[in-house]
Amino acid sequence: MNPNELQNMRQSYEKFTLDEAETGDDPIQFFQTWFEIAKKEKVLEPNAMHLATVDGSGKPSGRVVLLKGIEQGNFLFFTNYESQKASDLIQNNQVALTFFWGELERQVRIEGKATKVSRAESEEYFSKRPRISQLGALVSKQSEVVPNRKFLEDKMDALEKELEGKSIPTPDSWGGYAILPSKIEFWQGRQGRLHDRVVFEKEGSTWKKYRLSP
């Protein structure tokens with residue numbers, strides 16, 4: 001890795017602007033507007049979001065998960081309840097999400113609290129997943145050490161034969177989380193690093209809006 005090359009890697013952001021007036025008064029609605037644009041412009045996996053958690057000792061951890069719905073202002077994702085992220089959320093349910101749509105020179109940062117969705121909602125979503133993904137959820141004890149790749153593939157083959165022609169039950173250790181935002185920042189890249197940053201912050205039942213210096 002060449003340090004000089006890294007220091008000279010920079011992109012001039014010039015595609016769009018962001019004014020406070022165009023965001024309206026509802027950040028969830030404006031997020032959906034930006035999301036529809038990202039889909040239209042064929043951004044690769046526009047629903048990919050970086051999820052940051054912190055465990056009980058204050059140690060942070062991050063990974064990319066997929067947004068699977070927005071319901072009553074909550075951002076939904078599904079995972080294994082025995083994973084590291086789930087363990088972190090038991091200890092501290094404060095989280096941060098980040099969407100980055102590089103093709104549009106846009107970023108959305110969200111802070112909020114995560115709670116488990118109902119079992120019925122988890123089962124409903126699980127039933128709609130591709131069969132191979134359902135099998136994978138049964139095979140994987142997420143974040144557990146395994147001896148090698150073949151170990152997982154053998155378990156997958158055995159389970160596929162065992163459940164051939166049968167419906168696949170939702171694992172007890174699998175389900176969804178709903179993240180209720182308390183703060184949402186819309187970031188639009190601008191020329192000369194003078195980026196636009198418009199923030200919504202929850203105050204009681206209403207949203208306060210302000211602009212930040214880049």
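Arg 109 is partly exposed in this predicted model, with a relative accessibility of 33%. Its salt-bridge partner is Glu 185. The closest N and O atoms of Arg 109 and Glu 185 lie 2.8 Å apart. Glu 185 is buried, at a relative accessible area of 4%. Arg 109 belongs to strand S6 (residues 106-116), whereas Glu 185 belongs to strand S7 (residues 174-188). The pair therefore ties together parts that are 76 residues apart in sequence. Under the distance criterion applied, the count of salt bridges comes to 12.

A second pair sits within a helix. Arg 149 and Glu 153 form a salt bridge, with closest N and O atoms 3.1 Å apart. Both residues lie in helix H7 (residues 149-162). They are 4 residues apart, so about one helical turn separates them. Arg 149 is exposed, at 60% relative accessibility. Glu 153 is partly exposed, at 38%.

Arg 190 is partly exposed, with 27% relative accessibility. Asp 196 has a relative accessible area of 6%. This value is under 20%, so Asp 196 counts as buried. The pair is part of a network: salt bridges with shared partners join Arg 190 and Asp 196 with Glu 20 and Arg 211.

Definitions and conventions:
Residues are numbered from 1 along each chain as its sequence is written. This is a predicted model: local features need pLDDT of at least 70, side-chain atom pairs count only at pLDDT 80 or more; totals for chains, interfaces and linings use all residues. Side-chain values use heavy atoms; hydrogens and water are left out. A salt bridge is a side-chain nitrogen of Lys or Arg within 4 Å of a carboxyl oxygen of Asp or Glu. Helices (H or I, at least four residues) and strands (E, at least two) are DSSP runs, numbered from the N terminus. Buried means under 20% relative accessible area, exposed over 50%, partly exposed in between (1.4 Å probe, protein chains only).
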